[in-house]
Amino acid sequence: MSAQPIDNLLVENRVFPPVPAGTLGFDRWHIGSIDEYRALHARSVGDPETFWREEAGRLDWFTPFDKVLEWNAPDAKWFVGGRINACYNCVDRHVQAGHGEETAIIWEGEPVGAGGPEIKRLTYRDLQVQTSKCAAALKALGVKKGDVVTIYMPMVPELAVAILACARIGAAHSVIFGGFAPHAITERVVDASSRVIITADGGWRRGDVVPLLKNVEEAVGTLANQGHIVNHVLVVQRTAHDAGRHGWASGTARIGPTKFHWWHDAVYHAGDACPCEPMDSEDMLFLLYTSGSTGKPKGILHTTAGYLAFVQMTARLTFNLQPGAGQVFWCSADIGWVTGHSYVLYGLLMNRVPTLMYEGAPNFPAAPGKPAGVGDRFWDIIARHKVTQFYTAPTAIRTFMKWGDDLPAKHDLSSLRILGTVGEPINPEAWMWYHEHIGRKRCPIVDTYWQTETGGHVGTPLPGAIATKPGSCTLPMLGIDAAIVNEQGQELGPNQGGLFVIRKPWPGMLRGVYGNRERFVSNYWGRVKDPRTGVPYYFSADGARRDADGYFWIQGRIDDVIKVSGHLLGTMEVESALVSHPAVAEAAVVGMPHDIKGNAICAFVTLRASWAAKNPGRKPDDDLRKDLIAHVAKEVGALAKPDQIRFSEGLPKTRSGKIMRRLLRDVACGVEKITQDTTTLEDYSVVAKLRADEE
């Protein structure tokens, strides 16, 4: 569609100043004032050569680089001529510097019995030994520098070890989220030309086993029939749910042409003398596949040095990471997504701050006295492990709102210093609930904007420097030259909706779509150009605006706007207005055809538990619908009033927690049969129930 200014009617006037140094247990901020931020940002985009040379100096290099950047748009080469290794920078250098006995990873398994959760702590020395042994085992299976190893695992410590072991020997890792089905595995393995898979017999989620090995067996059988042979599968025994079928006495088994090996045989018995492979700065570090509503998944390619430099900086600045200061960082994302890559593993390990991994779901087991599916596990984890920085998704926050204020109130959350959000724009009222009930009105909130393609944060408040506004990712990260432009690349004025672009290269940027040059160019660099020079801008596919203070407000994918009576409305603004109503926990807004307006607004709404408690026996009715419609008109404007409001017990979400609005669009439009890809859907019964309600 042609981008047009999006009507920006929702106004947010609440402003929260930066927290002074010396409070919340921080003796200092890496960037301590707005003036310091503005000076550094101007320097980072005005003199990127010097700025990024200094940031790269925080890494350990085997061979120093000759040149910071070669830029032949849209192709970038960063830190040209340098040789480096990601595992070395995350693990070995800390051991060599005398920090080997410090905790690197805290892991908590899903509680599956009366004894409570299984907890493990890995030091940097543990990681050095285990990644060396895993790397040696991979070499014994024929994995070479430049190969792509597919990893399909639950959130267990061996997942971190496997990723770092690949980096150790120069093999790229392609992590597939453990919730994906066999078809997703086959697509990604073929696209990456991968011949080795690392998996587990299963993983725990809500007390049930996710049958990972079974899915891999199905996938490798399908691949063999297609002529693509997976040579080896390395299997961690996690659940032992099918020990008889998988009880290979010899430690290996052959299923068709593929050999299967138990991790506890192949890895534990391997030697631990496996040095880190020097890698060229632009050697591939990993592939991570993203999917849209159409087309096969895209293998986003990230290279070694640029990604490391960008992620170590963004993690350090956004979360004020300080090694040795008693910090414990918890990002609740699965490592199968880019958030897990950057801010569960690489960014934290490079900065030498303990990172927490957890297996399972936030609502299992159920909280005492609550029905199944309502849990307080997150708050329990924060209290027990004394988490200082907590990073989660707006979808999770809205779900917690729905479950009620009493659950977090029961837990000691006083260790928290910084809260973060990631994955999609956060509604202002969800932001306020997070601030009041989790941060207890003390903790700054960093609302981060970025993508798989950007590698790390491109827009975020820096907690000691930038005042926050609920719903805004505020200002660009250092080194990011961001702007809101029209289709002609012309920068737009305050509060004019347009396209979010980045005008200059940055080290964490994607280097390609694996095996598909045309898709890389057309998807990211083919739409908007510098009107003076014709050099392409990176286009995020997101619509946004910038307010009078220069703050960015992300309005979602360009596809997620609705043209009503000639006006383009960002869905997030309508959703934010609905969520600001005291009865509403979550809302998802989509467009549907309308004979007069062109499109009408349909809102799917779930209600807070507190509304039901205050209205015993009452079901959502037309009076509540009218109240919500009037509320949207008051908050946003009459133009944004929903034509339909449909109440639902739940909304269809991906396993990473994002609402699948494209499925809701089909439901709203009365599509008889869902033909879109639903492999990422957490619970298909939610869609089935919505369709049944429609019928």
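Helices (H or I, at least four residues) and strands (E, at least two) are DSSP runs, numbered from the N terminus. The model is predicted: local features need pLDDT of at least 70, side-chain atom pairs count only at pLDDT 80 or more, and totals for chains, interfaces and linings use all residues. Residues are numbered from 1 along each chain as its sequence is written, and side-chain values use heavy atoms, with hydrogens and water left out.

Helix H3 spans residues 86-99 and holds aspartate 92. Aspartate 92 has 5% relative accessibility and therefore counts as buried (buried is under 20% relative accessible area, exposed over 50%, partly exposed in between; 1.4 Å probe, protein chains only). Its side chain makes a polar contact with the side chain of glutamine 128, at 3.0 Å. A polar contact is a pair of N or O atoms within 3.5 Å; within protein, one must be able to donate a hydrogen and the other to accept it, and residues adjacent in sequence count only if both atoms are side-chain atoms. Residues up to four places away in sequence aside, aspartate 92 touches Cys87, Gln128, Arg168 and Cys276 (contact means heavy atoms within 4.5 Å).

Strand S5 covers residues 103-108, and five of its six residues are buried. S5 pairs with two strands, pairing being called when DSSP finds at least two bridges between them. With S6 (residues 119-123), the sense is antiparallel, over five bridges. Here tryptophan 107 has lysine 120 of S6 as its bridge partner. With S19 (residues 355-358), the sense is parallel, over four bridges. Isoleucine 106 is bridged to leucine 356 of S19. In a regular strand, side chains alternate between the two faces of the sheet.

Strand S3 (residues 75-80) contains lysine 77. Lysine 77 counts as partly exposed because its relative accessibility is 47%.

Helix H2 (residues 48-56) packs against helix H9 (residues 304-319) at about 85°, with axes 9 Å apart. H2 is therefore roughly perpendicular to H9. Axes are lines fitted to C-alpha atoms, for helices over the stretch in contact, and angles run from 0 to 180 degrees between N-to-C directions. Angles under 35 degrees count as roughly parallel, over 145 as roughly antiparallel, 65 to 115 as roughly perpendicular and the rest as oblique. H2 contributes Phe51, Trp52 and Glu55 to the contact, and H9 contributes Phe310, Gln312, Met313 and Arg316.
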